Amino acid sequence: MASDLLSGHDLSGATGYHYDRFPPRQLNYGRLIQPLSSAMAALARYDQMLKGMHNSELLLAPLRSQEAVISSRMEGTISTLDEVLQYEAESEGDEGSPTGRGYRSEAVEVLLYSRAMRFAQESMKGGQPLSSWLVRSAHKMLLSFGRGATMAPGEYKTEQNYLGDRSKRQVMFIPISPERLTDGMEALFKFIDNDNCEILIRSAIAHLEFEALHPFKDGNGRIGRMLIPLVLWKHGALSEPYFYMSAYFERERDAYIDKMRAVSANDEWDEWIIFFLGALEDQANQNLRKAEEIRSLYDDMKDKFITTLASKWSTPALDFLFTRPVFKNNVFHAKAGIPAPTIHRFVKTLQDEGLLTMISPPAGRRAAMYAFEPLLKVVRNS
């Protein structure tokens with residue numbers, strides 16, 4: 001431990017990392033079987049819906065943005081879905097380091113989380129393993145701007161970190177030491193690939209272990225929650241890596257933190273796994289309801305667009321709006337592949353129908369920005 005880092009802090013209530021006790025040596029499967037069965041059934045219902053979607057990436061892309069908002073909020077980065085989507089629309093086409101362009105740094109940081117999630121999902125779909133390289137690459141993207149840019153993006157910690165109440169100078173948890181981190185991360189990835197452990201239980205243990213290792217100076221919570229759908233998808237519990245749990249963890253924040261600490265303090269692995277399985281079941285049901293709302297909206301809007309726009313470009317226009325519910329007019333033309341005169345007619349018609357709302361008017365060379373309110377209304381209530 002770096003004594004200068006913790007100098008003046010109250011360590012009396014601190015729990016330390018569970019050295020040499022990962023993975024757990026024994027679990028009480030008699031206690032786990034019922035919550036495991038319920039979680040498996042709920043996740044299976046959600047996954048069946050995913051399989052029935054003609055394009056789950058298209059329909060669920062807005063939920064990734066909402067997950068980024070909630071997961072970032074848990075770490076003290078406060079923004080809104082609308083603010084993040086407006087910044088994303090403003091910066092469309094720029095995948096490099098953002099400059100902010102008048103938006104709050106918090107919105108930029110949340111957008112980077114959304115990009116890091118998309119990067120990890122697409123990398124694994126392209127054949128990359130869930131590995132140290134992938135985690136560090138996602139972390140580097142996550143912390144490439146704002147406060148995170150000074151926190152060693154993409155690099156594992158070299159000094160002891162800790163979790164606690166900074167205002168009270170009280171330490172609650174001391175993660176693994178930097179000297180033991182490499183071995184700890186290797187053990188984690190080895191465990192993730194151990195098919196002898198049921199995948200939902202494995203996901204619960206792996207998420208907790210990553211948080212207990214706390215391998216980075218900053219951004220650990222967001223990366224740790226990002227790993228959950230990647231582990232579930234990689235090992236076949238999901239057909240697509242689109243499953244987000246931050247809403248439940250935020251709602252049950254105190255229990256979430258307390259049960260993780262209790263593992264290191266008292267080896268309460270069973271209690272943590274039961275909590276995680278309950279979270280997974282609840283979130284699967286919530287995600288299913290939300291995804292069904294989005295799919296239902298898409299089906300309704302498809303008929304409405306065909307009738308209202310009366311064009312062969314009706315469905316491509318709708319698909320564009322579902323991936324970018326906030327957009328600029330010039331990007332609509334460039335990304336949807338629809339002729340510019342047709343775009344202008346579509347936008348006017350959809351405004352007249354009350355489906356599009358102008359956020360900012362055109363000004364000089366700056367294109368107008370619009371919001372597709374029917375979809376935003378559904379996603380905001382996630």
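## Contacts around Gly-224

Contact here means heavy atoms within 4.5 Å. The model is predicted. In it, Gly-224 is in contact with His-207, Phe-210 and Glu-211, leaving aside its neighbours within four places in sequence.

Gly-224 lies in helix 9. Its relative accessible area is 1%. Gly-224 counts as buried because that value is under 20%.

## The annotated binding site

The unreviewed entry lists a "binding site" made up of Glu-75, His-214, Asp-218, Gly-219, Asn-220, Gly-221, Arg-222, Ile-223, Gly-224, Arg-225 and Tyr-256. Of these residues, Ile-223 is included in the lining of the second largest cavity.

His-214 is another residue on the UniProt list. It sits in the loop between helix 8 (199-213) and helix 9 (220-234). Is His-214 buried or exposed? With a relative accessible area of 11%, His-214 is buried, because the cut-off is under 20%.

Which residues does His-214 touch, not counting those up to four places away in sequence? They are Lys-157, Asn-161, Leu-163, Pro-175 and Asn-220. Asn-220 is itself listed in the UniProt "binding site". The His-214 side chain also reaches the backbone oxygen of Glu-211, at 2.8 Å. Glu-211 is among the residues in contact with Gly-224.

## Gln-121 in helix 5

Gln-121 belongs to helix 5 (residues 105-125). It is buried, with a relative accessible area of 4%. Its side chain has a polar atom 3.0 Å from the backbone oxygen of Pro-241.

Pro-241 is also on the contact list of Gln-121. Not counting residues up to four places away in sequence, Gln-121 touches Arg-64, Leu-230, Trp-233, Pro-241, Tyr-242 and Tyr-244. Of these, Leu-230 and Trp-233 fall within the span of helix 9 (220-234).

## Phe-346 in helix 15

Phe-346 is part of helix 15 (residues 340-352). How much relative accessible area does Phe-346 have? The value is 0%, and Phe-346 is buried.

Phe-346 touches Leu-309, Ser-311, Trp-313, Ser-314, Ala-317 and Ile-338, with residues up to four places away in sequence not counted.

Notes
Residues numbered from 1 in each chain as written. Predicted model: local features only at pLDDT ≥ 70, side-chain atom pairs only at ≥ 80, totals over all residues. Heavy atoms only, no water. UniProt positions renumbered as here; feature names shortened; annotations may be inferred. 1 Å grid on protein atoms, 1.4 Å probe; cavity = no way out; pocket = protein on both sides within 12 Å on 5 of 7 lines; lining within 4 Å. Helix = DSSP H or I, 4+ residues; strand = E, 2+ residues; numbered from the N terminus. Buried < 20%, exposed > 50% of the residue type's maximum accessible area, 1.4 Å probe, protein only. Polar contact = N/O pair within 3.5 Å; in protein donor to acceptor, adjacent residues only side chain to side chain.
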